[in-house]
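Here's a quick briefing to keep open next to the viewer. It goes from the overall build to the chain contact, then to charged pairs and a couple of packed spots.

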Amino acid sequence: MSTILADHLISCLIAVPFLGIALLVLAKSDEWARRIALLATFAALGVAITALLSFDPGQSGMQFVERAEWMPTFNIQYAVGLDGISMLLVLLTALLSPICVLASWKSIDSKVKAYMALILLVEGAMIVVFTALDLFLFFMLWEVTMIPMYFMIVIWGGPGRIAAGIKFVLYSLTGSLLLLVGILGLYLEGGRTFDILALSGQTFSDDVQFWIFLALLLGFGIKLPMIPFHSWLPDAHSEAPTAGSVILAGVLLKLGGYGFLRICLPILPDASVVFAPLMVWLSVGAILYGACLALAQTDLKRLVAYSSISHMGFVTLGIFAFNEQGVQGAILQMFNHGITTAALFLAVGQLYDRTHSRSVDDYGGLHKQMPRFAVALSFFSVASFGLPGTANFIGEFLVLVGASYTSFARVLLAMLGIVLAAAYMLWMLQRVVLGKALTRAAAALPDLSTREMATLVPLAIIIFVVGVYPGLLMELMDASVINLVEQARVGLPADMAALD
Amino acid sequence: MTVFALIPLLPLLGFFVIAFGGNRLGEVSHRIGIPAVGLSAALSFVAFYYVAVAGPISIPLYTLIDVGAVSVAVDLYIDQLTVLLLLLVTVGSFVVHVYSSSYMIGDPRYRRFFAVIGLFTFAMVLLVMSNNLLVTYMCWEVMGICSYLLISHWAHRESAAKAATKAFLVNAVADVGLGFGVIFTLATYGTLNIQEILAAVPSMAGSDINLLGWLGFEWLIERNTLITFCLLSGALGKSAQFPLHIWLPFAMEAPTPISALIHAATMVNAGPFLLARMSPLVLSAPSAMAVIAIVGMTTAVYGGLVALTQSDIKKSLAYSTISHIGFMIFACGVGAFVAAIFHLLAHGFLKGFLFLSTGNALESASAHGHAKSSGRVSGSLAAGALLLALIPAVVIFSGPYEQMWTAHQTPAAQVAFFFLALATVFLTGMYIFRAVSSLFGHQVGNSGVLPNLFAPAYLAGVGVLVAAVGCLLVFVWTWFAAFLGPALGAQPPLAAGPAFSPWLVAALLAAVAGWGFARQFQPSPTFAGAWTKMAYVALLNRLYVDEIFDAFVVGPFIRFCDWLQGTIETLGLDNLIQTTARVVMVLSNWLWTVLEVRGLDRGLGGGADSSVALSRWLWRVVDLRGDAMVEGLGRASDETGEMLQRIEPRTLQHHLLVVVFWLMLAIALSYWLIL
């Protein structure tokens with residue numbers, strides 16, 4: 001048993017959620033369905049932590065690699081492996097899944113079995129995407145993540161769920177078709193192989209790189225989302241049930257950033273450099289545009305959704321700085337954003353469970369009725385705009401340092417985005433937490449239960465600990481990032497490459 | 001040495017224990033907070049002695065960030081400057097802790113209060129001890145959020161909530177500059193270690209950066225100058241300089257002990273401290289220094305004038321704080337860092353004392369209906385006020401620092417600075433005594449309730465006192481300058497001139513005159529002259545700075561965001577997407593009509609017709625006896641058709657067509673890419 005676990009660690013990690021789905025079929029009651037799902041997600045978290053403990057941070061390449069022939073005619077493999085970058089994102093996925101189950105413990109009371117199965121399905125698929133070393137595997141499971149999200153939105157969502165679901169699917173499909181085009185292009189140009197590591201070692205001509213990058217850019221950009229492809233996100237977020245929003249914001253958006261890191265930078269370094277100015281300006285645009293729009297929202301979920309767009313701008317800003325600080329900051333920012341935004345959606349969901357209203361104007365004075373909730377919401381809000389002492393600050397700082405090597409103007413503009421973030425978050429807090437209750441319903445709300453606290457407290461601890469001692473996570477990815485940056489720098493002109 | 005690391009850590013520990021200690025701590029939270037801060041105050045005294053004897057100490061703690069060439073270490077550095085600030089912060093915080101433990105009794109958020117002031121103390125202590133600009137910046141921000149939490153202490157009050165948000169956001173705007181400065185410093189010096197930066201300052205002299213390069217223009221500015229401007233930007237916010245001072249008067253929504261903590265002992269001092277800490281850098285940027293001096297002087301005069309007109313004593317004290325801090329910034333701007341720090345310390349202790357006495361007086365006023373405070377309290381208030389009024393005079397005009405007027409070579413500027421400084425001293429004397437007297441006699445214009453502070457005998461006594469205190473201060477001041485000098489590196493050597501100068505006497509006289517004038521001249525809305533009345537009303541409304549910000553910055557920006565949401569996002573982007581979807585729908589509808597209805601359907605219809613004819617023929621020809629069987633079949637196929645109809649063939653077809661459309665596009669793209 002132990003050798004199976006040791007030799008096939010990643011396969012075990014992938015298998016656990018799917019085994020959970022199989023077990024769910026046997027569940028007799030809704031209560032059992034919830035318990036089985038919780039058990040499965042915790043088991044996956046356990047395996048992920050095992051992987052973390054046996055992970056060697058000093059090594060820059062892939063670890064725990066497993067390879068098996070899958071469709072030899074097309075040279076498709078089942079190949080998985082972990083490096084520092086994917087380790088972090090796998091950990092994030094495994095961490096948020098049990099929290100999703102806990103968050104939907106009471107709020108989901110119809111078709112519980114199906115709901116839990118979808119959470120497990122999305123978890124399993126995400127883990128495969130983050131560990132895949134084969135582009136075909138990557139693409140297939142990328143597609144799979146979309147399906148459970150669609151059903152979550154359409155079946156358990158809010159009043160506008162059908163339109164939001166269709167919008168989500170149409171955007172995602174467009175994105176993934178272009179992604180498919182890009183991947184097929186790589187396959188055909190790169191000597192008929194889907195192997196990411198093999199493709200990273202090849203050099204493609206400038207033209208090929210340009211077109212493939214363009215296709216991938218749209219595929220990843222829609223997922224991330226970058227402006228102007230973001231308009232599915234606020235709708236999907238505001239209509240999705242709490243766990244759906246958490247998965248969407250916490251993990252799914254990271255697929256885009258991960259794609260850029262895993263595929264664009266190492267395989268298409270020259271095109272990455274060509275597109276970098278566009279990417280950076282789009283990132284800065286997203287930071288400011290998302291923040292301005294968040295300031296105009298009165299719907300809590302839409303507010304957090306637009307703040308997501310703004311914060312994901314930092315991720316691309318860091319990635320396309322092509323230096324260690326920027327890339328590490330971007331990955332850290334992905335992790336932090338996953339946790340903070342997930343927590344914010346959880347908190348908003350907890351309010352929604354109580355009153356079925358997402359409007360800022362229906363609350364007020366929550367510090368009195370729900371002191372524990374008020375503390376939690378305030379903490380995650382200030383974390384979200386990057387208060388020092390929270391992990392988000394470190395991520396944003398590193399991204400800004402990375403970006404400062406090429407242009408100070410962008411740094412300054414991105415910092416304005418942080419001020420705007422402080423403005424919309426504090427304004428939201430002022431109207432929701434402080435002051436007096438505006439409606440009678442808001443004046444008599446029960447405070448958070450132990451279960452609800454259990455979803456938020458671990459996230460708060462992680463945000464704080466990483467904020468004070470970021471080395472915990474950064475040591476994990478240090479070697480991999482150095483490796484990645486070296487690969488990406490091939491595309492840089494000589495005078496820029498000497499900057500570091 | 002490492003024991004001094006406990007100075008910041010003890011209040012932090014106190015914060016954790018109180019914050020996570022559960023509700024059972026309740027109203028005994030101060031039993032954790034007071035010893036924690038008391039111990040760090042005691043340690044600060046030890047550190048003071050140590051530094052006085054053995055010079056600066058450096059304590060490395062741990063590495064926060066280590067990525068590539070960027071490394072940020074949390075190091076403590078204790079030199080003369082740090083140690084003096086430490087004394088002010090820890091002792092001030094200790095007094096506030098003790099005072100609050102009785103002042104806040106009965107408050108439902110007693111525990112939260114003590115937790116936050118613990119964290120606040122930690123942030124300020126670490127700020128003055130940090131040897132890394134990033135850590136300084138972090139503490140800077142943490143203090144901001146603590147002040148947010150403290151101002152919103154009585155969160156049920158709408159005004160407190162607004163004041164808290166305003167305070168944080170105004171600071172956040174200013175901190176963009178400081179944060180940018182940190183990143184720019186890192187890019188310039190390659191390190192954020194403050195001592196290393198200061199040592200490298202001369203090597204960066206003359207190194208320029210093009211500010212408008214990204215627009216294709218050229219506007220060169222020296223790197224050191226830019227960094228100094230960034231530091232000033234931070235100071236504008238935290239130290240409430242004009243025009244970003246607007247948060248401070250509203251911060252009076254906090255409980256009174258907080259006013260003592262924020263406005264006297266800690267937060268507002270961060271600006272002058274930062275400038276003094278980075279003094280070699282500041283001195284290398286003369287043009288930035290001129291701006292700093294102008295900002296400081298504007299603030300000092302503005303604060304003094306507005307303080308004169310405010311009827312609320314807490315508001316009046318707030319503006320006096322703004323004015324005093326402006327004075328310190330001004331001193332930094334002319335290179336008189338030692339004077340700024342002396343002023344800072346003296347102001348910190350005295351203003352804290354004034355706020356706490358005010359708290360007492362207001363408490364007793366609300367308890368007894370009228371402020372009949374004991375003579376002891378009013379006496380102590382008067383003494384504090386007197387000292388406060390004299391400080392600017394002494395620090396700016398005492399002998400050794402007369403030379404600082406030569407920091408700026410233009411004689412006109414010297415004269416202007418000189419007279420403005422004198423005017424500020426005069427104003428300080430005036431508003432301080434007005435504030436004190438308004439507390440004890442609510443209608444000062446009416447001689448009936450005038451406090452006896454203004455009796456002629458007292459005036460004479462005060463004259464003597466002024467001279468005595470002036471002597472004392474000057475004596476302390478000379479020692480102080482010798483002590484602090486080494487910490488500020490590139491200070492010009494102190495001239496061994498006489499401590500007393502004509503200017504000092506003039507300044508002391510100005511202070512006394514201000515006080516005396518306050519008795520004669522009471523600003524009130526009943527002014528006869530149109531001009532004086534207009535000036536009075538304008539000052540009463542704080543020159544409408546808040547309103548200007550609301551009308552020209554905040555309001556338009558919110559409208560801009562709403563416009564973005566309404567026009568760009570909904571009408572523009574969303575519409576675009578929906579139009580695309582509609583076009584695809586129309587296209588598929590057209591395809592459907594053309595292909596299905598006109599083509600396939602007709603074909604099929606023809607086929608069906610002929611098959612019907614065929615079957616009729618068959619029926620007729622082959623077997624009439626099979627009638628019953630055929631009928632049965634017909635019924636079955638009818639049912640299937642109905643079932644299929646229920647699935648809405650149209651939408652199904654649309655979906656298929658949309659998919660086909662995309663597939664064709666994708667195939668065309670890939671075909672084109674690959675060939």
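## Quick tour of the model

Chain B is built from 23 helices and four strands. Keep in mind that this is a predicted model. Of the 675 residues in chain B, 53% are buried. Take the contacts in chain B between residues at least 6 apart in sequence, and 77% of them join residues at least 24 apart.

**Where chain A meets chain B**

- The contact draws on 59 residues from chain A and 59 residues from chain B.
- About 5200 Å² is buried between chain A and chain B, and carbon and sulfur atoms give 78% of that area.
- How many salt bridges are there between chain A and chain B? The count is zero.
- Polar contact does turn up between chain A and chain B, in six residue pairs, with both residues at pLDDT 80 or more.
- On the chain A side, at least two residues each come from helix 7 (161-189), helix 12 (269-295), helix 14 (324-355), helix 17 (391-404), helix 18 (408-432), helix 19 (450-468) and helix 20 (471-488).
- Helix 18 of chain A gives the largest share of that side, with 13 residues.
- Sorted by type, the chain A residues that touch chain B come out as 42 nonpolar, 13 polar and four charged.

**Helix 8 of chain B**

- Helix 8 of chain B covers residues 223-238, so 16 residues in a run by the DSSP assignment.
- From first C-alpha to last, helix 8 of chain B reaches 23 Å, close to the 22 Å expected at 1.5 Å a residue.
- Is helix 8 of chain B mostly covered or mostly open? Mostly covered: 15 of its 16 residues are buried.
- After helix 8 of chain B comes Ala240(B), with a positive phi near 55°.
- Helix 8 of chain B also holds Lys238(B), which pairs with Asp175(B) in helix 6 (residues 158-189) of chain B, 63 residues apart.
- The Asp175(B) and Lys238(B) side chains form a salt bridge at 3.8 Å, N to O, and the two residues are both buried.

**Other salt bridges**

- Over all chains, the count comes to 12 salt bridges.
- Side chains of opposite charge can pair when their charged atoms come close.
- In chain A, Arg34(A) makes a salt bridge with Glu31(A), and their closest N and O atoms are 3.1 Å apart.
- Both Arg34(A) and Glu31(A) sit in helix 3 (residues 30-54) of chain A, three residues apart, or about one turn of the helix.
- An α-helix has 3.6 residues a turn, so residues three or four places apart point the same way.
- Are the two partners buried or partly exposed? Arg34(A) is buried, since its relative accessible area of 9% is under the 20% cut-off, whereas Glu31(A) is partly exposed at 30%.
- A network of salt bridges links Glu31(A), Arg34(A) and Arg35(A).
- In chain B, Asp79(B) and Arg277(B) form a salt bridge, with the closest N and O atoms 3.0 Å apart.
- That pair ties together distant parts of the chain: Asp79(B) lies in the loop between strand 2 (70-78) and helix 3 (80-103) of chain B, and Arg277(B) lies in helix 11 (residues 270-277) of chain B, 198 residues apart.
- Asp79(B) counts as buried at 2% relative accessibility, and Arg277(B) is buried too, with a relative accessible area of 5%.

**Two buried spots in chain A**

- Gly84(A) belongs to helix 4 (residues 84-103) of chain A and counts as buried, at 0% relative accessibility.
- Which residues does Gly84(A) touch, leaving out those up to four places away in sequence? They are Phe55(A), Leu476(A), Met477(A) and Ser480(A).
- Gly84(A) and Met474(A) are 390 residues apart in sequence, yet 8.9 Å apart in space, C-alpha to C-alpha.
- Ser307(A) is in helix 13 (residues 300-319) of chain A and is buried, with a relative accessible area of 1%.
- Leaving out residues up to four places away in sequence, Ser307(A) touches Ala294(A), Tyr424(A) and Met425(A).

Technical notes. Residues numbered from 1 in each chain as written. Chains lettered and ligands numbered in written order. Predicted model: local features only at pLDDT ≥ 70, side-chain atom pairs only at ≥ 80, totals over all residues. Heavy atoms only, no water. Contact = heavy atoms within 4.5 Å. Buried area = accessible area lost by both parts, 1.4 Å probe. Salt bridge = Lys/Arg side-chain N within 4 Å of Asp/Glu carboxyl O. Polar contact = N/O pair within 3.5 Å; in protein donor to acceptor, adjacent residues only side chain to side chain. Nonpolar A, V, L, I, M, F, W, Y, C, P; charged D, E, K, R; others polar. Expected span 1.5 Å × (residues − 1). Buried < 20%, exposed > 50% of the residue type's maximum accessible area, 1.4 Å probe, protein only.
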